[in-house]
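Colleague: I am new to this one. Could you take me through it, step by step?

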Amino acid sequence: MAGLINAAAVEKPEDYRNIFVYLENRNGELQRPALEMIGVGKRLAEKVHEKLYCVLIGSKVSEMADEAASYGCDVILGAESPDLAEFRTMPYARLVEDFVKREKPNIFLIPATRNGRDLASRIAVSCQAGVTADCTEIDIEEDTRILSANRPTYGESMLAEILCKKHRPQMATARAGIFPVPEKVDGSKCERRIEKVKVDKALLKKEILEFRKKEAIDLTAAKVVVSGGLGLGAPAAFKLVEKLANEMNGVVGASRPTADLGWISRDHQVGQTGQTVRPRLYVACGISGKIQHIMGMKNSENVLSINIDQNAEIFKYSDYVIVDDVNKVLPALTEEIKKYKKAHVKKTVKSSS
Amino acid sequence: MKKVPLDIIVMVKQVPDSQEVVIDPVTMNLNRSLTRNVTNRADENALEVALSLRDKAGGTVTVISMGPPQAETTMYECMARGADRAILVSDRFFGGADTYPTGLTLASTISKIGKFDVVVAGEESSDSSTGHVGPGVAEFLNIDQITYCSHVDYKDRHVIAERELEDGTEVVKTPTPVLVTVLLNSNFPRRQTLRRKIDAMKKGFEVWNLEKLGLPPEWVGVRGSPTIVRRMRSIKEKERAAKKFDLSNLGNLVSELYEKNILKLEED
Ligand SMILES: Cc1cc2nc3c(=O)[nH]c(=O)nc-3n(C[C@H](O)[C@H](O)[C@H](O)COP(=O)(O)OP(=O)(O)OC[C@H]3O[C@@H](n4cnc5c(N)ncnc54)[C@H](O)[C@@H]3O)c2cc1C
Ligand SMILES: Nc1ncnc2c1ncn2[C@@H]1O[C@H](COP(=O)(O)O)[C@@H](O)[C@H]1O
């Protein structure tokens with residue numbers, strides 16, 4: 001517990017060693033952002049010849065530990081109790097804080113998911129640490145062991161490099177979908193320190209009454225994403241988007257306001273507050289290209305945009321553009337693809353016979 | 001049952017209007033003199049949550065903000081929407097604060113106000129966009145938190161809220177005192193009324209400085225911040241050709257997409 005105290009610098013930063021990563025899990029399953037963190041942590045640990053520790057809190061930690069170990073970490077610190085089945089800030093924050101204070105890591109990485117940020121922001125205060133939120137590039141300086149935490153700023157137009165020189169641990173949360181999931185390795189050498197803990201009842205006052213799961217739509221792995229924006233004009237036009245997406249073997253994405261208006265479910269949203277995609281082809285239909293949207297799709301290999309405004313901002317980020325009404329272009333484009341497929345599938349059948 | 005009125009505190013920040021940020025090409029810093037300031041939009045949603053809780057339970061809504069003197073427009077605006085009281089925590093010592101001293105300063109302000117049941121913050125600010133300040137304040141105050149709420153209700157000394165997570169909606173119930181953070185666009189903020197605008201101008205808002213909070217100057221602002229910005233780089237975007245097509249030659253576009261393997265007849 002912090003109380004109203006300042007972030008005091010530590011006297012001997014050299015006493016703080018090793019890399020911690022927090023492994024987010026939901027209902028006993030490791031999440032992809034957790035695996036991405038292992039990848040980043042491993043890279044840093046190798047660079048400064050230190051160990052990678054994974055912190056796991058939950059009700060079925062042992063099973064998840066096997067999986068975590070198979071992605072290559074040196075030590076698993078686990079706290080296990082039936083009371084920890086679901087993420088709740090208070091008990092999770094206390095347990096993670098205990099691990100940090102006992103083990104004194106130099107670096108602590110947490111995925112910038114909603115629960116990850118919920119947790120990281122409290123640990124940073126209780127451990128009097130410095131934290132950089134939502135990093136997209138993370139590195140460590142070999143000689144000083146200072147973390148270089150880089151995050152987009154000013155609406156993604158700039159990248160700020162942020163350092164924390166005198167406080168420990170050096171914390172960062174990392175944006176999901178940016179860092180690769182590491183290759184699997186032999187996890188048998190990983191040391192497991194899993195404790196059965198008793199959780200103070202005072203920390204368990206938050207009741208989780210209900211969880212309404214939604215069919216998760218993972219846009220991040222899609223090869224083709226076709227997204228609709230306000231330029232569609234009406235919710236029904238998402239049908240046209242869907243038809244094109246189906247014809248392209250892709251999935252449907254959306255800009256934020258279309259989700260806000262309920263034209264489509266939030267799970268399809270691309271952008272700063274939605275998903276980050278990097279498909280082979282991104283098709284933007286009636287999307288203006290505001291920076292918060294661009295952040296979520298600018299790493300696409302190819303971008304095709306359809307917009308009625310010949311000066312649309314999105315064109316700056318596009319390889320191909322069609323200046324016309326989406327309601328005309330979408331059916332026409334879908335038809336052209338059908339035609340092309342028909343012609344070419346026939347050809348391949350002929351030549352192979 | 002006796003109605004228990006709620007004392008609610010809302011944390012609001014004034015931010016540069018995100019639609020028109022102007023970056024100084026030499027220093028790579030925000031050119032504040034060319035940028036219009038507005039109330040952080042998610043904080044307007046936070047204020048609306050507070051006002052609707054007060055509609056229901058009775059009580060008070062106090063708005064607090066740490067920022068420079070020009071944040072007065074935000075203070076008046078919040079009062080014109082219905083806040084009972086507004087406190088601008090302002091002092092040159094607070095400048096350059098990262099999330100730690102910002103949380104410390106706001107938590108200290110809340111302690112000084114004394115009585116509260118619910119603290120409401122926005123999900124994140126559009127300029128720092130960390131989402132860390134709200135939970136940081138909760139940690140300083142040692143109270144529970146409910147982040148990323150799309151809906152917040154109150155009953156019998158408990159907040160019942162819906163949290164939006166990546167894979168679904170979580171409905172939670174937490175006894176007060178508690179801090180909640182509210183999602184952008186999760187409600188429609190009520191309008192400012194002329195009547196309340198006039199009242200606000202008459203009543204005015206309070207300005208608290210460092211001395212009032214009684215914090216050591218080295219605990220706040222840039223001196224109290226664990227992190228520093230070493231440098232800024234502009235993000236170089238890949239140059240893209242924006243090759244033009246129209247309804248008459250969509251066939252050519254489709255052929256090109258397949259020939260370049262951007263679209264494939266069969267996924268491998
Ligand atoms: C904190 C914050 C976070 C945000 N996060 C996100 C996010 O994650 N994702 C996101 O997308 N946005 C996000 N936004 C919102 C973002 O700023 C923009 O408002 C949004 O991206 C605009 O959506 P749009 O392009 O669909 O709509 P608009 O900006 O209204 O653009 C519509 C476009 O359609 C074109 N058009 C109109 N009619 C036609 C037609 N008949 N045929 C073809 N084109 C037509 C117009 O020329 C225009 O370019 C966020 C904003 C904030 C403040
Ligand atoms: N200087 C500030 N004054 C008042 N509230 C703030 C301040 N900075 C952040 N907040 C609150 O904390 C939330 C999250 O901000 P941030 O952590 O900067 O993304 C905002 O939506 C505000 O509610």
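Modeller: Let us begin with a term. A residue is near a molecule if one of its heavy atoms lies within 4 Å of it. Keep in mind that this is a predicted model.

Colleague: How many residues surround ligand 2, and which are the closest?

Modeller: The cut-off is 4 Å between a heavy atom of the residue and the molecule. By that rule the residues around ligand 2 number 21. The closest are B:Met11, B:Asp43, B:Ser125, B:Thr130 and B:Gly131.

Colleague: What share of the accessible area of ligand 2 does the protein cover?

Modeller: Start with ligand 2 on its own. Its accessible area is then 480 Å².

Colleague: Now ligand 1. Which chains supply the residues that surround ligand 1?

Modeller: There are 26 residues around ligand 1. The nearest include A:Ser255, A:Thr273 and A:His293. The site is shared between chains, because the residues that surround ligand 1 come from chains A and B.

Colleague: Which residue places a polar side-chain atom 2.7 Å from an oxygen atom of ligand 1?

Modeller: A:Val270 has a polar backbone atom 2.8 Å from a nitrogen atom of ligand 1. A:Ile308 has a backbone N or O atom 3.2 Å from a nitrogen atom of ligand 1. The side-chain atom at 2.7 Å from a ligand 1 oxygen is that of A:Ser288.

Colleague: How much of the area that ligand 1 exposes when taken alone does the protein bury?

Modeller: Taken alone, ligand 1 exposes 990 Å². Of that area, the protein buries 81%.

Colleague: How much area do chain A and chain B bury between them?

Modeller: Look at the contacts first. Chain A brings 95 residues into contact with 87 residues of chain B. Of the buried area, 54% is on carbon and sulfur atoms. The total between the chains is about 8,300 Å².

Colleague: How many salt bridges are counted between chain A and chain B?

Modeller: Take one pair, A:Lys213 and B:Asp167. Their side chains meet N to O at 3.8 Å. The cut-off is 4 Å, so a pair at that distance qualifies. Between chain A and chain B, the salt bridges number 14.

Colleague: By class, how many charged residues are on the side of chain A that touches chain B?

Modeller: That side of chain A has 39 nonpolar and 23 polar residues. Its charged residues number 33.

Colleague: Finally, the domains of chain A. How many salt bridges does the rule find across the interface of domain 1 and domain 2 of chain A?

Modeller: The assignment gives chain A domain 1 (13–203) and domain 2 (224–352). Six residues of domain 1 of chain A touch five residues of domain 2 of chain A. The two domains bury about 520 Å² between them. The number of salt bridges across that interface is zero.

How values were computed:
Residues numbered from 1 in each chain as written. Chains lettered and ligands numbered in written order. Predicted model: local features only at pLDDT ≥ 70, side-chain atom pairs only at ≥ 80, totals over all residues. Heavy atoms only, no water. Domains from an automatic or database assignment. Contact = heavy atoms within 4.5 Å. Buried area = accessible area lost by both parts, 1.4 Å probe. Areas by Shrake-Rupley, 256 points an atom, 1.4 Å probe, with all protein chains shown as cover. Polar contact = N/O pair within 3.5 Å; in protein donor to acceptor, adjacent residues only side chain to side chain. Nonpolar A, V, L, I, M, F, W, Y, C, P; charged D, E, K, R; others polar.
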